[in-house]
Amino acid sequence: MAIIRDNKDADVDLTNGRWIKIKDIALMIGNKLGKQVILGDKNGYNNKINSNPYQNLRFNVSLNEGITYLIEKAKKIYVK
């Protein structure tokens, strides 16, 4: 990860090789927060990303676990 942190490029795409829809991430977050997600009427599009050496990483936590962690940290900081 230090290589990524020191990378001078503007963008770095990290993936474990599994695609997930933004809609699915929004629904996951909404569910965790007990909020309804209202989707727009326009379909998204597939945005192909260029291959780079940071793809197909193995992460210590799942996306679901990471979102839960961030929500809990944010609650401690912002919810009084």
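## How two helices cross

Helix α2 passes α3 in a right-handed crossing, meaning that the near helix is turned clockwise from the far one by less than a right angle. The two belong to a predicted model, where local features need pLDDT of at least 70, side-chain atom pairs count only at pLDDT 80 or more, and totals for chains, interfaces and linings use all residues. Residues are numbered from 1 along each chain as its sequence is written, and side-chain values use heavy atoms, without hydrogens and water.

Helix α2 covers residues 22-33 and α3 residues 63-78; they pack at about 45°, with axes 11 Å apart. Helices here are DSSP runs (H or I, at least four residues), numbered from the N terminus. Axes are lines fitted to C-alpha atoms over the stretch in contact, and angles run from 0 to 180 degrees between N-to-C directions.

## Who touches whom

From α2, Ile 25, Met 28, Ile 29, Lys 32 and Leu 33 make the contact (heavy atoms within 4.5 Å). Their partners on α3 are Leu 63, Asn 64, Ile 67, Thr 68 and Ile 71.
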